[in-house]
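Please read the following account alongside the model shown here.

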Amino acid sequence: MQNHQTIEDTITKAKAILADQDLSDLESKKIALESQTLEPAFWQKTDAQPIIQELAEYSNQLKQFQELNQVLQDTQDLEQALMDQNLLDSDRQSFEIEFEKQGQLLVKLVTALEFTQYLSGEYDRLGCVFSIH
């Protein structure tokens, strides 16, 4: 049951991560950048490549949050199914296995998003000079 508690903690973290994000703002920024790329003279602009990179970042972030949301929903659905008292033992065992798999995937996604959030400050895209003396 230790693993079940870890999954419960991760569900709480995933909910917090999704609550902290303004997905509609990300989507509107992505749409605004996509509309710029449709302009006839876009590729002649000197700032075309940074715009494409920013668009790719927004697309990647949205994809990650959508995947997290889906895996979270699936995990919660499986957890709810496991609480059903009328569930046959054979079904319960297969649901438990699937719950563990979804839980491991959820842990992986939450860990990756937490890491990304730690490194998503204003200056984190810039390079740095690191030296050891």
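This is a predicted model: local features need pLDDT of at least 70, side-chain atom pairs count only at pLDDT 80 or more; totals for chains, interfaces and linings use all residues.

Helix α2 covers residues 23-37, and helix α3 covers residues 48-82. The axes of α2 and α3 are 9 Å apart, and the packing angle is about 145°. The crossing of α2 past α3 is left-handed. On the α2 side, the contact is formed by L23, L26, E27, K29, K30, L33, E34, Q36 and T37. On the α3 side, I51, I52, E54, L55, Y58, S59, Q61, L62 and F65 take part. By residue class, this contact contains nine nonpolar, four polar and five charged residues.

T37 is a member of that contact and belongs to α2. Its relative accessibility is 18%, so T37 counts as buried, the limit being under 20%. Beyond residues up to four places away in sequence, T37 touches F42, I52 and L55. Of these, I52 and L55 are also among the α3 residues in the contact with α2.

Are the two partners buried or exposed? F42 has a relative accessible area of 0% and is buried, whereas W43, at 58% relative accessibility, counts as exposed.

In soluble globular proteins, nonpolar side chains tend to be buried together. Here the largest nonpolar core has 24 residues. Which of its residues touch the most other members? They are A14, I17, F65, L68, L72, L106 and V110. Two or more residues of this core come from each of α1 (2-20), α2, α3 and α4 (89-118). The largest share is that of α3, with eleven residues. F65, listed among the residues with the most core contacts, is also part of the contact between α2 and α3.

I17 shows some of these contacts in detail. Leaving aside neighbours within four places in sequence, I17 is in contact with F65, L68, V110, L113, E114 and Q117. Among these partners, F65, L68 and V110 are, like I17 itself, listed with the residues that touch the most other core members.

Helix α4 also holds Q102. The relative accessible area of Q102 is 12%, so this residue is buried. Not counting residues up to four places away in sequence, Q102 touches V71, D74, T75 and L78.

N3 lies in α1 and, with 34% relative accessibility, counts as partly exposed. N3 and E100 are 97 residues apart in sequence, yet their C-alpha atoms are 7.9 Å apart. S131 lies in the segment after α4 and is partly exposed, with a relative accessible area of 48%. How far apart in space are S131 and L62? The C-alpha to C-alpha distance is 35 Å, for a separation of 69 residues in sequence.

Definitions and conventions:
Residues are numbered from 1 along each chain as its sequence is written. Side-chain values use heavy atoms; hydrogens and water are left out. Helices (H or I, at least four residues) and strands (E, at least two) are DSSP runs, numbered from the N terminus. Buried means under 20% relative accessible area, exposed over 50%, partly exposed in between (1.4 Å probe, protein chains only). Contact means heavy atoms within 4.5 Å. Axes are lines fitted to C-alpha atoms, for helices over the stretch in contact, and angles run from 0 to 180 degrees between N-to-C directions. A crossing is left-handed if the near helix is turned anticlockwise from the far one by less than a right angle, and right-handed if clockwise. Ala, Val, Leu, Ile, Met, Phe, Trp, Tyr, Cys and Pro count as nonpolar, Asp, Glu, Lys and Arg as charged, and the others, Gly among them, as polar. A nonpolar core is a set of buried Ala, Val, Leu, Ile, Met, Phe, Trp, Tyr and Cys residues joined through side-chain atoms within 4.5 Å.
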